Amino acid sequence: MTARSSNGRPWTFYALAAFFTLFVLFLYGPMSAIFILSFQGPTGGLTFPMNGVSLHWFKALVVQQRSGDFVGSFSRSIVLAIIVLAITVVISIMAGLAFRYRFRGATAVFYMAIASLIMPGLLLGLGVGLMFQFAHVSPAWFSSALGAQLTWTLPFGLLIMFAVFSRFNRAYEEAARDLGASPWQTLRLVVLPILLPGIIGVALFGFTLSYDEFPRTLIPIGSRNTLPLEIWAMTTDVTSPALYALGTLTTAVSFAVIAVALTSIAVIQRRRARRQRDRTPGPLGDA
Amino acid sequence: MAASGHIELRSVTKRFDQTLAVDDISLTIPYGSYCCLLGPSGCGKTTILRMIAGHETPTAGDIRIGGESVVGLPPVRRGTAMMFQNYALFPHLTVLDNVAFNLKVRGVGKAERHRRAREVLAQVQLDQFADRMPAQLSGGQQQRVALSRALITEPRVLLLDEPLSALDEFLRLQMRGELRRIQRELGITFVHVTHTQLEAIAVADAVVVMEEGRIEQAASAHEIYTLPATAYVARFMGGQNVLAGTVIAVNGGAVTLVDGTGARFATPVTSTAPAKGQEIFCCIRRDRIKVEKLRAPLSSVGEATNVLAGTVHAIEYQGSYVKVTIDVPGREQFVGNLPDHAFLTAPLDIGDAVVARWATEDVHLLTGDSTRTATGVRPLPLEAQRDGVRSR
């Protein structure tokens, strides 16, 4: 091989490694800077150098000076994310179950559902805002913003459930039925527990997509902000490292949620040890 | 729940969209018998099993268990239990909870259902694995768990969908004997779906050979193997050579036929003898063939009856016998299974010119509808193709 260097690696290895290094730099560089600067001393500013190390700016967030409504927006975001999670999980499971039958218009319904993934979020948010205005209902985070966010999380949830169900062997359901389980018992005792790792995945998506949703939420949010909107407002108003402290906190929350989800999936998988080979039979079984 | 596991299929038909999976089948399986549905992939055998189980609904016809129609009833009300291909053990439940599942959905308390599940597991020597997850068990152990899970419902009919296909060869042979023993012990009806000929005749009282959604022959294992009804069954079961020809003489208990190459065969006939000029099929068991090296010139062979000359195509040692495949000019390959001592006293080699002979009384006349097979309308099953039998 002529293109190989002395230690046997092709040049593409170095090109891709360099690209990946840049990627890491752009992803984690700014985040680490914000993380470090959030521990700025009380007299420090928005940029390096660090003027001592303190938790001053984290305290400043909570005591709510001029640094925006952190506690209010944070709790709203968490509550909204949990509502979105719950609705997304329930609807996605039901839709996933329904789409296993080729009902009339299934394809059209599916494309209509996922089309919202490619619609510009800002315009969709604008539309929702206008709709509420026409209806003379004042927009709020728990109504108009909730709806706008669901247009984003539901298609994702549906797509994940499709992937989850495509690997689900229907013989489990038939076995449950054969052993005398009612449809509800089959769902509760067999289908949902087997699908649980996938369902946790949907929940994780629902929560995190809602938690940092910005474009769709911006216009129909009403008078009280969610956290991402509050941060956005603060970037123009607040000129203290409290902004960084906020960034560090919200990132920590996101990581915590992901860690909880992944840990629970890992625990479930370990409990089942190595998986059975899933050979899904065709409609005739022996076709 | 049906009191008896006597199964009756009356003109059962099943269509999937445009595909006809089961075509107007009538079949009776007596209570307490072991019945095998045998056939190649897609022949409809699994569909029949699933209709008996209540996992498919017949498009037309009636299914009766213990004398009453069960169409539309859920599986538990039929008194059936099914053992699924690959077992479908619930991966999130322990072995104990898998076996206790039926009791759980019936509302039996935890202590009681675990006690009974342990009893059932003890019967198959799996009680020490009660707290394992299914994925931690070997294939053979999983199969016994699946069996226990089905039998705890106290069924009148146990339906087994390819129960041995997920096991390795050694376990397969061991478990098929075990299944037969369990069926005898319980005295209930077993319906077992398989595509393996030797598995079917090894375990079953009655074998139903299926092809393209229809029954080719339903009879005892011995009869299916030694007295096939049609050329299809003869070829599919694999123990026979199929002979075809035109009747040229009828004399008493035997008729003589001649095939396209001029070879002459004789076959005994019982009740209705075929008429002169009629096209008939018969078969000769592979283990009744004598094969020896050709000494006389070929022309003299052509005149004799029940003699074919050819060259050895393949020799396969099978332990107690040696399978010799012979290329015969102008017809499908001919197979003789020679006892090992006979082969060893007069060994043959590939390429040898040989002559195969057999006695008329070992020939069996095929009576069923065999013309379609002979003209090659139906594709031969894989097993037959592997054995080198070709449709002309």
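This tour visits a helix, a sheet and a chain contact in a predicted model. Local features need pLDDT of at least 70 and side-chain atom pairs count only at pLDDT 80 or more, whereas totals for chains, interfaces and linings use all residues. Residues are numbered from 1 along each chain as its sequence is written, and chains are lettered from A, with ligands numbered from 1, in the order in which they are written.

Select first helix α7 of chain B, residues 169-186; helices (H or I, at least four residues) and strands (E, at least two) are DSSP runs, numbered from the N terminus. B:M175, B:R176, B:L179 and B:Q183 are buried here (20 or more other C-beta atoms, placed from the backbone, within 10 Å of the residue's own; exposed means 12 or fewer, partly exposed in between). Just after the helix, B:G187 has a positive phi of about 70°.

Next, display the open sheet of chain B, whose five strands follow the antiparallel order β15-β19-β16-β17-β18; strands pair if DSSP finds at least two bridges between them. Strands β15 (290-293) and β18 (334-339) stand at the edges, each with a single partner strand, so one side of each is left without a neighbour in the sheet. Between β16 (307-317) and β17 (321-327) there are six bridges; B:E316 stands opposite B:K323.

Finally, show both chains: the contact (C-beta atoms, placed from the backbone, within 7 Å) takes 33 residues from chain B and 27 residues from chain A. Helix α1(B) gives the largest share of chain B's side, five residues.

Conventions. Contact = placed C-beta atoms within 7 Å. Expected span 1.5 Å × (residues − 1).
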